[in-house]
Amino acid sequence: MQLIASDVSFAYPGGGAAYSGGSPTAHADDDRAVVSGAGTRRPVGLAGGQTTVSGPKAARAEVLAGVNLRVTAGVRLGVVGENGSGKSTLLHLLAGTLTPTAGEVRRSGTVAVVEQELLPARGETVGDVVRTALAGVRQVAADLDAAAAAFAETAQEGHDDAALTELATLLTRADHLAAWDADRRVDEALTRLGAPRDLDRTLETLSIGQRYRVRLACRLAERSDFLLLDEPTNHLDDEAIGFLTDELLAWRGGVVLVTHDRQLLDDVATAIYDLDPSIDGRPVLYGQPGYLAYRFAKTQALHRWRQRYRAERKRAEKLAERLDASYEGLSDEWRPPKGSQKHRRSTRARIHVKAADRLVQRLEADAVEVPVPPLELRFPDLPTLNPGWDPAQPLIEVRNPRVLGDPVVEPVETTSPVVEPLPVVEPVETTSPVVEPLPVVEPVETTQHSQHGVVSTGSTTGGAGGVVSTGSTTGEPGGNVRLDLPGVRVAVPAAGRLLVVGPNGSGKSTLLGVLAGRLPLARGSRVAVDGLRVGVVGQENAEIIGRGLDDPRTLTGFDAAANEALALLSRGALDPDHVVPVAALGLLAEEDLDRPLAELSAGQRRRFELARTLLAAPHLLVLDEPTNHLSIDLVDELTRALDRTSAAVVVATHDRRMREDLAHWPTLELD
């Protein structure tokens, strides 16, 4: 049982797909992996790590180069790197759904992949995913039953060694898969991950997170030899992450884990493979377990790289000065001293030329490649207040909110990404800029009131540590109550902070939608100051929007940002002096902003969503699971920026390390 990549490289195809249609099952030879594919996307190519790309693309630079790794039973390899560095591509290369441009991937054992997204077929149900995932397990059980029956029938005639060996092999395999316990494992995993257990429910009626949890539960119950996970914690709450952590620690085979979850890496990773550039241009394997050990080792390596680069630059400057002096000796103004020998000038010229050539060769031979520093977030200076606003007045206030209606179900993507004209940042329309004075609420312990924010509740639900817990009703018969917080007042002042936490289904996203003005209230009130600009980042990337003659398939980041800014300016919703250039944020390189958004990876699209949200210089940022799809380095930078910005910020997140970093914020806990 092993998974080996030897000097693997991958580049985009020049004029066609790297993979087209068909079953994602790899070659059936004994020394090849069987890639489980229930509900697995069928990519026609890759772009920067994303597995959904429409149509052929022109050839571009390599996504991955010099990949060497070996995964065996008991290895839990964490894969990290900047967005677009090829992390998802690496998983597909290991699984066999992509073919390396160079090098070799060898597999011995079964492989299961859990991608970031699941695009179901029309009418596909939870039961279909379960049956497909467990097909291999049930086949092993059926083969074992048949072999045992045949073995029993020939008991009186005696057994040959081949039959006994086959029976022993099948018994070992069935024991490894716990084939007789598969259905119970699926049901337990669905329950513990918070996924629907109704096998007849169609995937089209589920949210993105519910679909992901269904597939993850099936993959865990499947017990493949190798489990490849792409951002598995994006849609999991604390209880579900705890269950996943226990499963990974007990996994009998090997695990390859792409994640931005720093705590998960600390808990489960036995080694970390970093795809970011290194001094020799190859990915680096950090053999010590845990994120903190990796971060320390990488920081030291980067420091040594930069030191060597600075020293090399100084030496190169000295050599360049000597080179200039040598060429200066060849200028037309040079003359040999008076009375010198004949032909001395030409002899000296040849000497200078040779010396200059040797210096050039030394420069080229000894040169150290300039380090390619990762993009560094340059968070803009956001406004706190508009002129004339009362600093003592909250920017936004919500009282006694109750929201009805079934949770939003994302449409199933069946073709290339389709656009809808929904801007990310809009001014909030309000009927009155007046906010009522904060009422006195008893007992005092149930009110969290500070310079950062106000959360009041009439129920006695301890406020120790700056945490206010509230009850929310989301599971009434009919399932039409998404949020119900009677007696609760949420007020966000200028430059305020609020951290919203709670398990899946507790109404965090719904509350953020109310604060942003995107969901209607069945009861309660919402008041915001006149002219408030709210920037919203949802859990998932918004669909690509085109305007006029724009083709969503070719719309670039620059074009989309320009459309956004022009739309806001034309409505008078944005002062031209406040427009934030998307290229100045350090979120995406200019060459990526000049590419079609449809070709960017999920992480790069997430970076663009954040950039587009900041474009209008919002007074209030409302961020729902902001760490989803982002790289680890950017998560660290974003956390610091949110803590320091002069705008008001409301964050809902399951990311445990981010919650630790923002533990000093006022916290609203929904349950």
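Start with helix α14, residues 602–614. Its 13 residues should span 18 Å at 1.5 Å a residue, and its end C-alpha atoms are 19 Å apart, so the two values agree. Helix α14 is mostly covered, with 13 of its 13 residues buried. Keep in mind that this is a predicted model.

Select alanine 617. It sits in the loop between α14 and β21 (620–624). Look at the backbone here. Alanine 617 is not a glycine, yet its phi is positive, about 50°. Most residues other than glycine have a negative phi. Is alanine 617 buried or exposed? Its relative accessibility is 4%, so alanine 617 counts as buried, the cut-off being under 20%.

**Helix α15**

Move on to residues 632–644. This is helix α15, with 13 residues. From first C-alpha to last, α15 reaches 19 Å, close to the 18 Å expected at 1.5 Å a residue. How many of the residues of α15 are buried? The count is 10 of 13, which makes α15 mostly covered. Select some of the buried ones, including Ile632, Asp633, Leu634 and Val635. Further along α15, Leu638, Ala641 and Leu642 are also among the buried residues.

**A charged network**

Keep Asp633 selected. Asp633 is one of the buried residues of α15. Side chains of opposite charge can pair when their charged atoms come close. Across the model, the count comes to 30 salt bridges.

**Helix α16**

Next, select residues 656–661, which form helix α16. Show the side chains of glutamate 660 and arginine 657. They meet in a salt bridge, at 3.9 Å from N to O. Both residues lie in α16, three residues apart, about one turn of the helix. Arginine 657 is buried, with a relative accessible area of 12%.

**Two pairs around α5**

Go back along the chain to helix α5, residues 182–192. Select arginine 192 and glutamate 188. Their side chains meet in a salt bridge of 3.8 Å, N to O. Arginine 192 and glutamate 188 are four residues apart in α5, so about one helical turn separates them. Arginine 192 counts as partly exposed at 30% relative accessibility. Glutamate 188 counts as partly exposed too, at 31%.

Arginine 197 is partly exposed, with a relative accessible area of 46%. Aspartate 187 is partly exposed as well, at 32%.

**Charge on the surface**

Colour the surface by charge. Select Arg306, Arg310, Lys314 and Lys318. They gather in a patch of positive charge on the surface. Lysine 314 is found in helix α9, residues 291–328. Lysine 314 is exposed, with a relative accessible area of 58%.

Glutamate 590 belongs to helix α13, residues 590–593. At 52% relative accessibility, glutamate 590 counts as exposed.

Select valine 284. Valine 284 is found in strand β10, residues 284–286. Its relative accessible area is 24%, and valine 284 is partly exposed. Valine 284 and leucine 69 are 215 residues apart along the chain, and their C-alpha atoms are separated by 9.8 Å.

Finish at asparagine 400. Its place is in strand β11, residues 396–404. Asparagine 400 is partly exposed, with a relative accessible area of 31%.

Methods:
Residues are numbered from 1 along each chain as its sequence is written. This is a predicted model: local features need pLDDT of at least 70, side-chain atom pairs count only at pLDDT 80 or more; totals for chains, interfaces and linings use all residues. Side-chain values use heavy atoms; hydrogens and water are left out. The expected span of a helix is 1.5 Å times one less than its number of residues. Buried means under 20% relative accessible area, exposed over 50%, partly exposed in between (1.4 Å probe, protein chains only). A salt bridge is a side-chain nitrogen of Lys or Arg within 4 Å of a carboxyl oxygen of Asp or Glu. Patches are made of residues with over 30% relative accessible area and no salt bridge: like charges are joined within 9 Å, nonpolar side chains (Val, Leu, Ile, Met, Phe, Trp, Tyr) within 5 Å. Accessible areas come from the Shrake-Rupley method with a 1.4 Å probe; for residues, only the protein chains shown count as cover. Lys and Arg count as positive and Asp and Glu as negative; His and the chain ends are not counted. The place of a charge is taken as NZ of Lys, CZ of Arg, CG of Asp or CD of Glu.
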